[in-house]
Amino acid sequence: MAALIAENFRFLSLFFKSKDVMIFNGLVALGTVGSEELFSVVAFNCPCSPARNYIYGLAAIGVPALALFLIGVIWNNHTWNLVAECHKRGTKNFSTAATFLLFGSIMGRAAVAPVTWSVISLLRGEAYICALSEFVKPSSLDKFPAEYGAEVLARFPCKDVPANLTKFRDEVTRRLRYESQLFGWLLIGIVAVLVFLTKCLKHCCSPLSYRQEAYWAQYRSNEDKLFRRTAEVHSRILAAKNVKHFFGFVALDKEEKELVQEFPVEGVQPSPQWNAITGVYIYRENKGFPLYSRLHKWAKGVEGNGPSPEGHEMLFLAS
């Protein structure tokens with residue numbers, strides 16, 4: 001029984017590691033849904049005034065979506081790898097396909113939260129109703145009183161209308177909510193098709209087999225975890241040495257003392273080494289052997305960033 005439970009936990013661990021991008025995108029989407037619901041309950045308040053409704057309704061959908069998109073771009077490691085690459089080496093070593101793939105990866109991941117926000121806003125319909133209620137043509141409403149115009153229609157989302165217009169308010173609200181939800185479902189369908197086509201294109205254009213691509217993803221994940229963990233220990237030991245040199249002693253706890261004794265740090269890595277392992281990396285091979293990262297490439301002593309007679313650029317970006 002214990003072995004079965006352990007095996008199930010091992011399977012779940014491998015599943016989550018292999019699907020980390022999908023799970024992260026799902027968590028981003030769920031967080032966006034919760035934020036949108038909270039915003040609608042707490043913050044959304046239609047002004048119910050001509051000319052203001054349209055601006056407020058579009059802002060309620062567009063401004064948070066734009067903010068979420070920019071946050072997604074900022075949080076994406078590829079963004080800063082691209083900045084470092086352009087700063088240190090320029091883009092001369094990038095082909096058109098590689099550049100398109102890189103920007104597609106950054107924009108695609110950053111679009112998860114704003115698209116989710118827009119979809120939920122459209123399915124709820126409140127912002128759409130607020131924005132477009134004043135533009136409903138009175139002539140499209142059967143027996144709508146001629147003395148009322150856009151000013152009264154703009155007040156429909158707030159239900160602040162004369163009693164004789166209640167049925168017209170319900171009809172306008174129902175019509176606009178239908179349009180809003182229709183656009184929301186269409187957006188979901190379009191995004192689903194684009195995701196499907198993108199995944200198909202990625203796997204069709206990938207030079208790697210499925211198993212090698214899975215191995216590469218595991219290698220990148222393990223390298224990143226080990227690098228961060230080792231960098232944290234290295235920086236702590238180096239800081240301890242410098243503090244001791246300044247004060248004559250350093251106050252370390254038991255774990256830190258063990259680290260200092262176990263891992264002697266002689267100095268820091270020179271800037272050329274940091275520059276060599278920093279930046280955008282596209283899968284390459286050298287003499288038939290794969291190079292899975294910039295660190296791997298540096299460790300093997302391979303020079304240059306572009307394709308060479310001894311190296312083959314595969315134009316495949318790390319996920």
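Which hand does the disulfide link of Cys48 and Cys158 have in this structure? With 95° about the S-S bond, that link is right-handed, a disulfide being counted here as a pair of cysteine sulfur atoms within 2.5 Å. The structure is a predicted model, in which local features need pLDDT of at least 70 and side-chain atom pairs count only at pLDDT 80 or more, while totals for chains, interfaces and linings use all residues. Residues are numbered from 1 along each chain as its sequence is written, and side-chain values use heavy atoms, with hydrogens and water left out.

**Overall make-up**

- The protein has 13 helices and three strands, where helices (H or I, at least four residues) and strands (E, at least two) are DSSP runs numbered from the N terminus.
- Of its 319 residues, 30% count as buried; buried means under 20% relative accessible area, exposed means over 50%, and partly exposed lies in between, with a 1.4 Å probe and protein chains only.
- The accessible surface of the protein comes to about 20,500 Å², and 65% of this belongs to carbon and sulfur atoms; such areas come from the Shrake-Rupley method with a 1.4 Å probe, and for residues only the protein chains shown count as cover.
- Among the contacts with a separation of 6 or more, 71% are accounted for by residues 24 or more positions apart, a contact meaning heavy atoms within 4.5 Å.

- A disulfide is a covalent bond between the sulfur atoms of two cysteines.
- Cys46 lies in the loop between α2 (20–42) and α3 (52–75), whereas Cys130 lies in helix α7 (residues 126–132), so the pair ties together parts that are 84 residues apart in sequence.
- Cys46 counts as buried at 9% relative accessibility, and Cys130 is buried as well, with a relative accessible area of 1%.
- Cys48 and Cys158 form a disulfide with their sulfur atoms 1.7 Å apart; Cys48 lies in the loop between α2 and α3 and Cys158 in the loop between α8 (150–153) and α9, so the pair ties together parts that are 110 residues apart in sequence.
- Cys48 counts as buried at 11% relative accessibility, while Cys158 is partly exposed, with a relative accessible area of 36%.
- Cys200 is in no disulfide, and the nearest cysteine sulfur, that of Cys204, is 6.2 Å away; Cys200 counts as partly exposed at 32% relative accessibility.
- Cys204 is likewise in no disulfide, its nearest cysteine sulfur being that of Cys200 at 6.2 Å, and Cys204 counts as exposed at 67% relative accessibility.

**Annotated transmembrane regions and the nonpolar patch**

- An unreviewed UniProt entry places the feature "transmembrane region" at residues 21–42, 54–75, 96–117 and 182–201; these positions are given in the numbering used here, feature names are shortened, and annotations may be inferred rather than shown by experiment.
- Residues 54–75 are 100% helix and 0% strand, with end C-alpha atoms that lie 32 Å apart.
- Residues 182–201 are also 100% helix and 0% strand, with end C-alpha atoms 28 Å apart.
- Tyr178, Leu182, Phe183, Leu186, Ile190 and Leu194 make a nonpolar surface patch of about 600 Å².
- Patches are made of residues with over 30% relative accessible area and no salt bridge, like charges being joined within 9 Å and nonpolar side chains (Val, Leu, Ile, Met, Phe, Trp, Tyr) within 5 Å; a salt bridge is a side-chain nitrogen of Lys or Arg within 4 Å of a carboxyl oxygen of Asp or Glu.
- Tyr178, one of the patch residues, is found in helix α9 (residues 166–205) and is exposed, with a relative accessible area of 53%.

- Leu291 lies in strand β2 (residues 289–291) and is buried, with a relative accessible area of 5%.
- Leaving aside neighbours within four places in sequence, Leu291 is in contact with Tyr281, Tyr283, Arg284, Asn286, His296, Lys297, Lys300 and Val302.
- Leu291 and Trp216 are 75 residues apart in sequence and 9.5 Å apart in space, C-alpha to C-alpha.
- Thr79, in helix α4 (residues 77–88), counts as buried at 12% relative accessibility, and Thr79 touches Val73 and Ile106 when residues up to four places away in sequence are not counted.
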